[in-house]
Amino acid sequence: MKIESITLHHIDMPLVAPFETSFGRETHRPCILIEMRADGLTGWGECVAGAGPWYAYETIGTAWHIISDFLAPMIVGQEINEPIGIVERFASVRGHPMARAAVEAAFWDLYAQARGVSLARLIGATRDRVTVGVSVGIELTLEAQLASIERFVAAGYARIKLKIKPGWDVAVVRAVRERWPDIALQVDANSAYTPDDAPIFRELDEMNLLLIEQPLHHDDIVDHARLQAQISTPICLDESIHSPEHARWALDIDACRVINIKIGRVGGLTAARQIHDLCAERGVPVWCGGMLETNVGRAVNLALAALPNFSLPGDISASARYYHRDIAAPDFVLNDDSTITVPDTPGTGVAVLPERLRDVQVREVIIGKG
């Protein structure tokens, strides 16, 4: 396949409701969509870098620069026959996994379309439905927090992930567990704590949690290993796992017993599959994390999460969880059994709607013939 052009679309979409983590409170989500053309086909990828360097060092600005000035020129006009060709061409680029992942995702979409198969089938998916949960942001009051969870439980989500931060942890989790004693519950700290906070996690250890996600420093594995030795609840690493190598290092020292795989964070679908396979070999469960994706990114997440070792519910959620009107169709809906159906049409299974894209577009740039 000869890559004819790559177009970057910077968009900004209002969220259905504010979403707060230990990083801060968001009301809009900006992102970059990658439109790649080759052999009469169009593939789409989504860059999950945020407005600021809070979750990761990458931002809309850095990703725009890296993709438009480096990554796209490396492949536009080039013959690339399979996704590993994208990975190999980007091997000289250090860091910037979200930028690399977005371009690779667009090629995967093209590659699957050209072969007339769904992305899920192409990468070895074994399920046509993926079990999902919902990530619940921090609310202003405990009453509002419980009300928010109540709405998601009523909507049919069977697993709740609760964001925590210092001062908003043990008492809140206890209140949620008392209200819903049997629901699958996990917490996510987004790196907000230090090893001195171990007593907090020993208290959380008594609350029958599925896992505790990324409690300590965003680049750490050593202190997580020490904390894991003190509690029985599995620690799940997110921000610390940037590549298959990081996953191996973490597993080698028992820094975690679960890994959250985010395609953007680890540098692409190829790397995500490698981490999945490594964890399967080690007997370590994985699940698919979310980054407030549009349907473009959500479709790729669903394909990934249909692989066999994704044995815990993912943060994929229905389209309506975050957006009143997505830029791609069809929308994803929650099934009665807390699953979402994996697309089975060629490519990722979603199509970007030009009029909706125009409504939320901030800027665009075309590299190649356009």
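This is a predicted model: local features need pLDDT of at least 70, side-chain atom pairs count only at pLDDT 80 or more; totals for chains, interfaces and linings use all residues.
Residues are numbered from 1 along each chain as its sequence is written, and side-chain values use heavy atoms, with hydrogens and water left out.

Some terms apply throughout. Helices (H or I, at least four residues) and strands (E, at least two) are DSSP runs numbered from the N terminus. Two strands pair if DSSP finds at least two bridges between them. Contact means heavy atoms within 4.5 Å. Axes are lines fitted to C-alpha atoms, for helices over the stretch in contact, and angles run from 0 to 180 degrees between N-to-C directions.

An open sheet of 4 strands runs in the order 3-2-1-15, with antiparallel pairing. Strand 3 and strand 15 (361-368) stand at its edges with a single partner strand each, so one side of each has no neighbour in the sheet. On average, neighbouring strands of this sheet are turned by 20° against each other, direction ignored. Strand 1 (residues 3-21) and strand 15 pair in the antiparallel sense over 7 bridges. Serine 5 stands opposite glycine 368 in strand 15. Helix 3 packs on the sheet, touching strand 1, strand 2 (24-38) and strand 3. Its direction makes about 150° with that of strand 3.

**Cavity and pockets**

On a 1 Å grid over the protein atoms alone, a cavity is a set of points where a 1.4 Å probe fits but cannot get out; a pocket is an open set with protein on both sides within 12 Å along at least five of seven lines; lining residues have an atom within 4 Å of a point. Grid points are joined across faces, edges and corners, and a volume is the space filled by probe spheres set on the points.

The count comes to 1 cavity of 30 Å³ or more.

| Space | Volume | Lining |
|---|---|---|
| Largest cavity | about 140 Å³ | 16 residues |
| Largest pocket | about 570 Å³ | 33 residues |
| Second largest pocket | about 290 Å³ | 19 residues |

Glu46, Val48, Ile263, Gly264 and Asn301 lie nearest the centre of the largest cavity. Strand 3 (41-47), helix 3 (97-115), helix 10 (263-266) and helix 12 (295-305) each give two or more residues to its lining. Helix 12 gives the most, with 4 residues.

In the largest pocket, Phe23, Glu26, Tyr55, Met291 and Leu292 lie nearest the centre. Strand 2 supplies the largest share of its lining, 6 residues. That lining divides into 13 nonpolar, 8 polar and 12 charged residues. Here Ala, Val, Leu, Ile, Met, Phe, Trp, Tyr, Cys and Pro count as nonpolar, Asp, Glu, Lys and Arg as charged, and the others, Gly among them, as polar.

The second largest pocket has Val87, Phe90, Val93, Arg100 and Gly267 closest to its centre. Helix 2 (83-89), helix 3 and helix 11 each supply at least two residues of its lining.
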